[in-house]
Amino acid sequence: MIQCKTSKAIGGMGHSLKRKEDVRFIQGAGHYVDDIKLDGMLYMDIVRSPYAYAKIKNIDISEAMKVPGVAAVVTGKDLEKYNLHWMPTLMSDTQMVLPTDTVMYQAQEVAAVIATSRYAARDGREAVKVEYEPMKPIMDPYKSMDPSSPVLRTDKPGKSDNHIWHWEVGDKAKTDEVFKKAEVVVEQHMHIPRIHVASIETCGCVADYDKINNHLTMYMTTQAPHAIRTVIALVAGHVGLTEEKIRVVSPDIGGGFGGKVPVYPGYVIAIAVSFLTGKPVKWIEDRSENLQADSFARDYHITVEMAGTKAGKIQATRFKVLADHGYTDASANPSKFHTGLFSIGTGSYDYDTAFMEADAVYTNKPPGGVAYRCSFRVTEAVQAIERITDLFALKVGKDPAQLRMENFIKKEDFPWKSPTGWTYDSGDYHAGLKKAMEAIGYDSLRKEQAEKRAKGELMGIGISTFTEIVGAGPSKDFDILGIKMFDSAEIRVHPTGKAIARFGTKSQGQGHETTYAQIIAEELGIPAENIHVEEGDTDTAPYGLGTYASRSTPTAGAAAAVAARKLRDKARKIAAYLLEVSEEDLEWEPGKFSVKGAPEKAKTIQEIVFAAYTNHPQGMEAGFEATHYYDPPNLTFPSGAYICVVDIDKETGQIKVRRFVAIDDCGHIINPMIVQGQVHGGLTQGIAPAMYEELIYDEDGNILNGTFMDYLVPTAVESPHWETGHVVTPSPHHPIGAKGVGESPTVGAPPAIANAIMDALSPYGIHHIDIPITPFKVWKALKEKGVI
Amino acid sequence: MKINVTVNGTAHEVEVEARTLLVHMIREILNLTGTHIGCDTSSCGACTILLNGKSVKSCTVLAVQANGKSITTIEGLATAEGLHPLQEGFKENHGLHCGFCTPGMILRASELLANNPNPTEEQIRWGISGNLCRCTGYNNIVKSIQYAAAKMRGDALPSTEPVFV
Ligand code: FES
Ligand code: FES
């Protein structure tokens, strides 16, 4: 049971308040970017490359210009005149906006057609004739590393190979030493496939440049409006578009999951065209364009090893990664962290030795490396550690739950220093796994499994006990393009005691309008329903780095609490003045200050706020407003214990997830209903890569499943009935003890499912299949072993 | 060419091209933007509306095919008495996150319940399997539809509190 300090009427933390934002969404009154219609608005469509790697010989726009309604066709050569044909990526790599001579991946933007209607723009797109000279693309990152391979990024002066960066962490010599002496070593190679966030709303924008006032309003699907404003100013400052002339508005967003952090060429072209024509320009990509050209996630090739004793004590881990970034490194990582927070991969286990290294390469795939519902590469890391832990358990002959229990970091050992340098804030891993095992009936499932195995039936039980790392981040280490990763809240309480609060983050469905109001309600006792939350407009919201990587609660949520506490301090002063006592004589309960020992002498927060505007003490600043920019002292480390049960049809390889129990520890819970909703959604985005989703390319660079017809987003039928629960170990350094939850389930679910499937197949000597584990792969493995 | 349609109870004469998709007519000519577009392959259901009471993906119907027919979009569900039971169900049971799939989900569910007032969880899951939601994981969509079904049958309403193990 979650304890609440406030009444239901106030609706502070712990209440399952119904969401405020839903009122508009259920009535079709959400306001998404494609709903914007401005006077004289032009529509943009994009010509894309059919080839993965080709020289552009010629672009003939003459027929397109004859199409009724077509106003212009923009090519790279046009943008080159304004030096707008290249842009930086968030990882300080470079990316073409439109090419002048070469295309580097299939579906790359080649030209933009501007017309008076959506249909005319599409007609114009069909009429643009591009002559290509195709070249042989490099699709395999290992081949790309081969010194004999041609250099792809010839645009970079002096570049003599396809290597992007090398990264390492940990003690190599010590790790090698432990591995050399270890009684048991297990090793597994795995590929975490390229996938796509596939939010149901694609990306798009309306760029609205006002020539007379030299002012740009950019409505766009962005998770980080302030950062985007700064990026636009950096890219377009030289044509006179400086930061005070730019307003970025992020309206309602139909799902983000990391895919709406990067800047895509379409946005930049729309701005350029609006700038040149003085008219608003709308660009909305199709689903297929979204899947084929927008930033992908994952695509890590990992070799992971674990060393330990015969008795099952983990002693060390070693990770080697090859990261395929496609044409450019367009990750949205903090700039010092090339592999994001992959170094969390040492897991939830108590050992002190690890070494990790990673290399990144260019290939002829679309660019990216977005943190898809994941704090920058944590998903890849957790898949590796949780799979290898199971393989280690198998090798030493221990039940995987037992082995985990014996190796967990103990709750009294927090804060705990990891072998790769993180300080885990808090956790109780034993309690989480125990609760999950009880909820699912682990022991009786193992008995049932033994009986089924005796009959030759395939049933598997899989566990994942992961540690997450979210809430980037402490500004000493974390920045994006140099901007520190703090976040902000501004609270203005009106004279009648109702408030508006604004944030530097941006909800894409997480329910900020409700949860932020609850945090402020908790601190000030003003009912959550009287607190209006606003985000996404850079003209009004305080500067912040946006919403991704489960950072909203750890950063902006903290900022809300601290800003509210500043107001509570002011309220105490005003109450003392009104009640004619000293501040020390007052005590606080949610919603009022009263005099110690004389509870009838009290002032409600509403009375106090009114006085702040009508009767404040002389010498005190009038009004009741506060702003805070919160810079977290550490990251937060949510954790989870997930157990999955699968049944597999031996003849067809068909896999059925029979049950899935997820116990999460995200610290103090703001709204249990919303946390549960986040977990449900994240779990479905976890089963997706585990069993269904992967972007597949052939060797000529063609994407083979770039539409929703063949990219298998789970429906309600594939998605199991999720069972969820929690344990609570508050974050000791976070003002409200919260840790963030959004990405935990996406990170934690895939290994639980993979481990369950492998557990079912392990009696036949099948110990690893790369995700997505499809019926075909299972059937093939069983066939190869002669089982069927 | 001109077509006649009744949308949410109001008659309209609309000028469309022969190739205009119904979803574009609804969104861009009639300005009813509650109907969304999530794909280009008839796969996601974000564009679902009712055409003569039957749920259809309006991205897969030409506007001219709707000539003489009646259309219900999400904007037409609530009445003077208040929200439709499905709208209430989704709100009370946290059946949405970003809300982008919600109008289509609700309209699809309305036909499902019209045909089967007391569906099992399995029937609901298959019944909405032409509609994708990337956010909710579907548990609470199922719960929302069960709630609406109970309300429409006049049965006692199920609890909307989240259940934890
Ligand atoms: S828009 Fe996806 S089915 Fe109509
Ligand atoms: S609520 Fe976002 S797609 Fe369903």
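The crossing of α3(B) and α5(B) is right-handed, that is, the near helix is turned clockwise from the far one, by less than a right angle. The structure is a predicted model, in which local features need pLDDT of at least 70, side-chain atom pairs count only at pLDDT 80 or more, and totals for chains, interfaces and linings use all residues. Residues are numbered from 1 along each chain as its sequence is written, chains are lettered from A and ligands numbered from 1 in the order in which they are written, and side-chain values use heavy atoms, with hydrogens and water left out.

Helices (DSSP runs of H or I, at least four residues) and strands (runs of E, at least two) are numbered from the N terminus. Helix α3 (residues 102–115) and helix α5 (residues 139–153) of chain B pack at about 45°, their axes 11 Å apart; axes are lines fitted to C-alpha atoms, for helices over the stretch in contact, and angles run from 0 to 180 degrees between N-to-C directions. α3(B) is therefore oblique to α5(B), the class left when angles under 35 degrees (roughly parallel), over 145 (roughly antiparallel) and 65 to 115 (roughly perpendicular) are set aside. Contact (heavy atoms within 4.5 Å) involves B:Met105, B:Ala109 and B:Leu113 of α3(B), together with B:Ile141, B:Ile145, B:Ala148, B:Ala149 and B:Met152 of α5(B).

In chain A, seven strands form an open sheet of mixed pairing in the order β3-β7-β1-β14-β11-β12-β13; two strands pair if DSSP finds at least two bridges between them. β3 (70–75) and β13 (246–249) of chain A each have a single partner strand, so one side of each is left without a neighbour in the sheet. Neighbouring strands of this sheet are turned by 20° against each other on average, direction ignored. Helix α7 (residues 225–236) of chain A packs on the sheet, where it touches β12 (215–220) and β13, and its direction makes about 145° with that of β13(A). β3(A) pairs with β7 (residues 109–115) of chain A in the antiparallel sense over five bridges, and A:Ala72 has A:Ile114 as its bridge partner in β7(A).

Most residues other than glycine have a negative phi, and most peptide bonds are trans. A:Asp299, in the loop between β15 (296–297) and β16 (300–308) of chain A, has phi near 65° and is buried, with a relative accessible area of 1%. A:Glu580 has phi near 55° but is exposed, at 72%. Buried means under 20% relative accessible area and exposed over 50%, with partly exposed in between (1.4 Å probe, protein chains only). The peptide bond from A:Phe414 to A:Pro415 is cis, with omega near -10°.
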